[in-house]
Amino acid sequence: MLNPGNPQSIDNTVLQILEEVVPRNAIYTDADMSGLTSFKAGGKASVLVEPETDEQIAIAAMRLFEKNVPFFILGNGTNTLVKDTGYKGVVIHVGKKFNKTIVEGDRIIAYAGASLSSVAREAANAGLKGMEFAAGIPGSVGGAVAMNAGAYGGEMKDIIETVTVIGENGEPREIRARDMAFGYRTSRIQNEKLIVTKVVIKLTRGDKNDIFVRMDELAALRREKQPLELPSAGSTFKRPEGNYAGKLIMEAGLRGYRIGGAEVSEKHCGFIVNTGNATATDIVNLMTYVMKTVFEKSGIMLEPEIVVLG
Ligand SMILES: Cc1cc2nc3c(=O)[nH]c(=O)nc-3n(C[C@H](O)[C@H](O)[C@H](O)COP(=O)(O)OP(=O)(O)OC[C@H]3O[C@@H](n4cnc5c(N)ncnc54)[C@H](O)[C@@H]3O)c2cc1C
């Protein structure tokens with residue numbers, strides 16, 4: 001549960017900065033991040049803010065930047081784990097207040113807090129093709145842009161036309177997709193600490209029924225192959241060039257390997273899952289163990305895909 005702001009428990013100047021920007025009841029201290037991240041594990045953030053407008057995000061980020069206060073942009077928390085020791089900084093949650101989608105011809109204007117899967121369904125309903133791959137990705141639009149999320153041969157970079165961001169100076173600007181430095185699960189958003197507020201997605205006209213059929217096929221594939229019944233953050237590691245993380249982990253004999261409540265999924269070795277009572281430490285220790293063992297067995301060093309905060 002989130003606690004309403006309590007100036008006693010953290011540095012007052014940080015709270016003062018934030019109180020000038022967002023309503024007091026949108027500021028939480030010692031915020032338990034396990035409820036806001038899909039692993040359902042992990043520690044607290046010193047402060048969590050829930051801005052309501054782009055302007056509030058921009059001013060909050062700019063002031064925190066000027067004062068050298070660390071901050072992190074959180075979307076739907078489906079690729080993020082906060083260490084048990086917590087995050088000594090401010091989490092800016094781009095959440096439900098930014099959940100808006102507008103269909104205009106063959107374009108979709110989606111705000112950063114919209115859920116990617118809902119946007120994909122809106123596209124399908126409008127008879128727009130090209131977003132089927134995204135229907136089962138549980139992140140927000142902002143997180144999907146930052147990570148260049150992708151699946152089953154599609155990636156965000158293939159469908160994005162422009163991205164509206166807020167940079168260090170607090171000014172919104174529009175970046176064309178080709179200037180986004182999209183790569184495999186990466187973009188310039190992370191490297192330059194930009195904040196995504198809006199994206200224009202360009203799709204093509206298609207047959208509504210065919211689009212839904214394809215989405216259903218992909219959803220069935222996910223249910224069959226992925227441990228969707230347990231909390232996780234999706235694929236724990238990036239896919240190494242010319243190989244698969246899950247295959248390497250399985251070949252290293254780690255299927256079902258456990259540390260505390262964290263487990264290499266029996267169903268899909270590329271996923272670490274929380275079997276019920278995992279701590280973030282269990283998960284991080286298991287990630288480290290997997291990386292070490294896979295390296296010893298194959299000579300390949302896996303790289304985490306999930307963002308570990310703290
Ligand atoms: C069951 C399951 C299945 C998954 N399947 C897939 C899959 O098929 N393909 C895939 O690519 N991923 C998959 N994921 C991972 C995850 O859903 C994606 O990476 C998603 O894009 C993350 O979005 P989010 O909003 O949850 O991001 P968060 O976890 O909130 O944040 C992830 C990163 O994005 C940044 N970020 C978030 N919002 C913004 C913003 N508005 N502006 C700037 N930066 C921002 C954060 O700072 C952080 O660096 C899966 C996860 C789960 C749990």
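Trainee: In which loop is Gln226 found?
Mentor: This is a predicted model, in which local features need pLDDT of at least 70 and side-chain atom pairs count only at pLDDT 80 or more, whereas totals for chains, interfaces and linings use all residues. Residues are numbered from 1 along each chain as its sequence is written, and side-chain values use heavy atoms, with hydrogens and water left out. With helices (H or I, at least four residues) and strands (E, at least two) taken as DSSP runs numbered from the N terminus, Gln226 is found in the loop between helix H7 (208-225) and strand E16 (232-235).

Trainee: Is Gln226 buried or exposed?
Mentor: The classes rest on relative accessible area, with buried under 20%, exposed over 50% and partly exposed in between, for a 1.4 Å probe and protein chains only. Leaving aside residues up to four places away in sequence, Gln226 touches (heavy atoms within 4.5 Å) Tyr152, Lys267, His268 and Phe271. Its relative accessibility is 12%, and Gln226 therefore counts as buried.

Trainee: How far apart are the centres of domain 2 and domain 3?
Mentor: The domain assignment divides the protein chain into domain 1 (3-93), domain 2 (98-210) and domain 3 (227-309), with bounds that come from an automatic or database assignment. Taken over C-alpha atoms, the separation between the centres of domain 2 and domain 3 is 27 Å.

Trainee: Which residues does Met131 touch, not counting residues up to four places away in sequence?
Mentor: Met131 is one of the residues with the most contacts inside the largest nonpolar core. With sequence neighbours up to four places away set aside, its partners are Leu116, Val119, Ala120, Ala123, Ile159, Ile201 and Leu203.

Trainee: How much space lies in the largest cavity?
Mentor: On a 1 Å grid over the protein atoms alone, a cavity is a set of points where a 1.4 Å probe fits but cannot get out, a pocket is an open set with protein on both sides within 12 Å along at least five of seven lines, and lining residues have an atom within 4 Å of a point. Searching the whole structure gives one cavity of 30 Å³ or more, and because domain 1 (3-93) and domain 2 (98-210) both contribute to its lining, the largest cavity lies between them. Grid points are joined across faces, edges and corners, and a volume is the space filled by probe spheres set on the points. The space in the largest cavity comes to about 70 Å³.

Trainee: Which element gives the largest share of the lining of the largest cavity?
Mentor: The lining is made of Ala61, Met62, Phe65, Phe71, Ile166, Gly167, Glu168, Lys193 and Ile195. It has six nonpolar, one polar and two charged residues, where Ala, Val, Leu, Ile, Met, Phe, Trp, Tyr, Cys and Pro count as nonpolar, Asp, Glu, Lys and Arg as charged, and the others, Gly among them, as polar. The largest share, three residues, comes from H2.

Trainee: What is the value of phi at Lys193?
Mentor: Lys193, one of the cavity-lining residues, sits in the loop between helix H6 (188-192) and strand E14 (195-202). Its relative accessibility of 43% makes it partly exposed. Although the residue is not glycine, phi of Lys193 is positive, near 55 degrees.

Trainee: In which strand is Asp30 found?
Mentor: Asp30, which is not a glycine, has a positive phi of about 45 degrees. With a relative accessible area of 29%, Asp30 is partly exposed. Its place in the chain is strand E2 (residues 27-32).

Trainee: How much space lies in the second largest pocket?
Mentor: The second largest pocket is lined by 21 residues, and Gly75, Asn76, His93, Gly95 and Lys96 lie nearest its centre. By class, this lining has three nonpolar, 15 polar and three charged residues. Since domain 1 (3-93) and domain 2 (98-210) both give residues to the lining, the second largest pocket lies between them. The space within the second largest pocket is about 310 Å³.

Methods
Core = buried A, V, L, I, M, F, W, Y, C linked by side-chain atoms within 4.5 Å.
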